[in-house]
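Please open the structure in a viewer and keep the sequence panel beside it.

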Amino acid sequence: MAETVDLTGDGGVLKTVVRKAKDDAISPSDSLPLVDVHYEGTLAENGEVFDTTHEDNSIFSFEVGQGAVIKAWDLALRTMKVGEVAKITCKPEYAYGSAGSPPEIPANATLIFEVELLACKPRKGSSLGSVSDEKARLEELKKQRELAAATKEEEKKRREEAKAAAAARVQAKLDAKKGKGKGKGK
């Protein structure tokens, strides 16, 4: 079972890694503050999805640490690496507080997000130093995207294999029932 980390020390933002990134994956930093994420947000009280990028496969981009998102995200994304998927549980004071965000998010709601960090980028117009640094960064991003695609493909294959196995079990049960009915009462 994955370890849950209290990022705020008061239980306000809890992070559980669902899928680890590669050890050498990059994290948001002062030179790479722009992030791209996929996410799904649910209400803790009933599990209802209130927002997701998965339905339209869109990417949400923002600059970490600038208050463009809820406090919990600014805190949690700084601790993530590209390729990582984490479950982030946010108490109201680190989310939308007593105001909520009607009509989807009620007042004082605890929220749960599953967030995948897709990329970290520099601000537009900023320099990363040498061309070789930029090439290395782009190569790393390419590797991380390939890894994420391969992982998704493996997960899809496992789901398909599980479906096929379940279908075979159901068919075997049906065949067994048919066999029991033959020859009786004749």
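Two rings of Phe, Tyr or Trp (its six-membered ring) are called a pair if their centres lie within 6.5 Å; planes under 30 degrees apart count as stacked, over 60 as edge-to-face and the rest as tilted. The model is a predicted one, in which local features need pLDDT of at least 70 and side-chain atom pairs count only at pLDDT 80 or more, while totals for chains, interfaces and linings use all residues. Residues are numbered from 1 along each chain as its sequence is written, and side-chain values use heavy atoms, with hydrogens and water left out.

**First stop: the aromatic rings**

Select Tyr-39, Phe-50, Phe-60, Phe-62, Trp-73 and Phe-113, which ring pairs link into a cluster. The search of the whole structure finds 8 aromatic pairs. Phe-50 belongs to strand β4 (residues 49–52) and Phe-113 to strand β7 (residues 111–121), so the pair ties together parts 63 residues apart in sequence. Helices (H or I, at least four residues) and strands (E, at least two) are DSSP runs, numbered from the N terminus. Phe-50 and Phe-113 are both buried, where buried means under 20% relative accessible area, exposed over 50%, and partly exposed in between (1.4 Å probe, protein chains only).

Proceed to Phe-62 and Trp-73, a tilted pair with 5.8 Å from centre to centre and 40° between the planes. Since Phe-62 lies in strand β5 (residues 60–63) and Trp-73 in helix α1 (residues 71–77), the pair ties together parts that are 11 residues apart in sequence. Phe-62 is buried at a relative accessible area of 6%, and Trp-73 is buried at 4%.

**Second stop: the loop between β4 and β5**

Select Thr-53, found in the loop between β4 and β5. Is Thr-53 buried or exposed? With 3% relative accessibility, Thr-53 counts as buried. The side chain of Thr-53 reaches the backbone nitrogen of Tyr-39 at 2.9 Å. Asn-57 lies in the loop between β4 and β5 as well; Asn-57 counts as exposed, at 55% relative accessibility. Although Asn-57 is not a glycine, its phi is positive, at about 55°.

Move to Pro-103, placed in the loop between β6 (85–90) and β7. The peptide bond from Pro-102 to Pro-103 is cis, with omega near 0°. Asn-108 lies in the loop between β6 and β7 too. Asn-108 has a positive phi of about 55° without being a glycine, and is exposed, with a relative accessible area of 51%.

Select Val-18, Arg-19, His-54, Val-85, Glu-114, Val-115, Glu-116, Lys-152 and Glu-155, the lining of the largest pocket. On a 1 Å grid over the protein atoms alone, a pocket is an open set of points where a 1.4 Å probe fits, with protein on both sides within 12 Å along at least five of seven lines, and lining residues have an atom within 4 Å of a point. Which element supplies the largest share of the lining? That share, 3 residues, comes from β7. β2 (13–19), β7 and α2 (131–181) each supply at least two lining residues.

How values were computed:
Polar contact = N/O pair within 3.5 Å; in protein donor to acceptor, adjacent residues only side chain to side chain.
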